Amino acid sequence: MPRYCFWLQVKPDRKAEYAERHRAVWPEMRQALHDAGWRNYSLFLRDDGLLIGYVEADDLEAAQAAVAETDVNTRWQAEMAEFFTGLDGGPPDEGFQLLDEVFHLDVREGQ
């Protein structure tokens with residue numbers, strides 16, 4: 001399954017609140033992501049607010065489009081937008097920057 005990594009910038013003074021909100025992601029938001037094809041989705045937050053995301057999906061654009069059609073995602077993105085810089089008014093799930101994968105160790109290769 002294809003892997004994707006992305007970054008966004010959380011306002012440093014909002015990191016604690018951002019992390020707290022993600023400890024209590026709405027169950028219907030979790031379900032919408034799952035139903036749209038998001039797998040092994042993780043977020044990592046650095047002290048300066050750099051947010052790194054990792055997700056697996058058969059087709060990231062299709063997975064993004066599917067979740068974007070849900071009401072719960074519209075509400076979640078509206079609430080989360082205030083935590084980020086550099087989005088130019090758009091929702092966070094449309095403003096992240098993808099990173100190129102340059103290496104992946106598949107343990108099956110080393111056996």
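In this predicted model, Gln 77 sits in helix H4, which spans residues 71-80. Its relative accessibility is 11%, under the 20% limit, so Gln 77 counts as buried. Beyond its neighbours within four places in sequence, Gln 77 is in contact with Pro 91, Pro 92 and Asp 93. With Asp 93 there is also a polar contact: a polar atom of the Gln 77 side chain lies 3.1 Å from the backbone nitrogen of Asp 93.

Helix H3 comes next. At the start of H3, the backbone nitrogen of Glu 61 has a side-chain oxygen of Asp 59 within 3.1 Å. Within the helix (residues 60-68), Leu 60, Ala 63 and Val 67 are buried. Viewed down the axis of H3, these buried residues fall within an arc of 65°, so they line one face of the helix. An α-helix has 3.6 residues a turn, so residues three or four places apart point the same way. The partners against which the buried residues of H3 pack include strand S1 (3-10), helix H2 (27-36) and H4.

The largest pocket holds about 510 Å³ of space. It is lined by 22 residues, and His 22, Val 25, Leu 33, Tyr 41 and Leu 43 are the closest to its centre. Its lining has 15 nonpolar, five polar and two charged residues. Among the elements that each supply at least two lining residues are helix H1 (15-22), strand S2 (39-45) and H4.

The second largest pocket has a volume of about 160 Å³. Its lining includes Arg 3, Tyr 54, Asp 100 and His 104, and the largest share, three residues, comes from S1. By class, six of its lining residues are nonpolar, one is polar and three are charged.

Note on methods. Residues numbered from 1 in each chain as written. Predicted model: local features only at pLDDT ≥ 70, side-chain atom pairs only at ≥ 80, totals over all residues. Heavy atoms only, no water. Helix = DSSP H or I, 4+ residues; strand = E, 2+ residues; numbered from the N terminus. Buried < 20%, exposed > 50% of the residue type's maximum accessible area, 1.4 Å probe, protein only. Polar contact = N/O pair within 3.5 Å; in protein donor to acceptor, adjacent residues only side chain to side chain. Contact = heavy atoms within 4.5 Å. Arc of directions from axis to C-beta. 1 Å grid on protein atoms, 1.4 Å probe; cavity = no way out; pocket = protein on both sides within 12 Å on 5 of 7 lines; lining within 4 Å. Points joined across faces, edges and corners; volume = space filled by probe spheres on them. Nonpolar A, V, L, I, M, F, W, Y, C, P; charged D, E, K, R; others polar.
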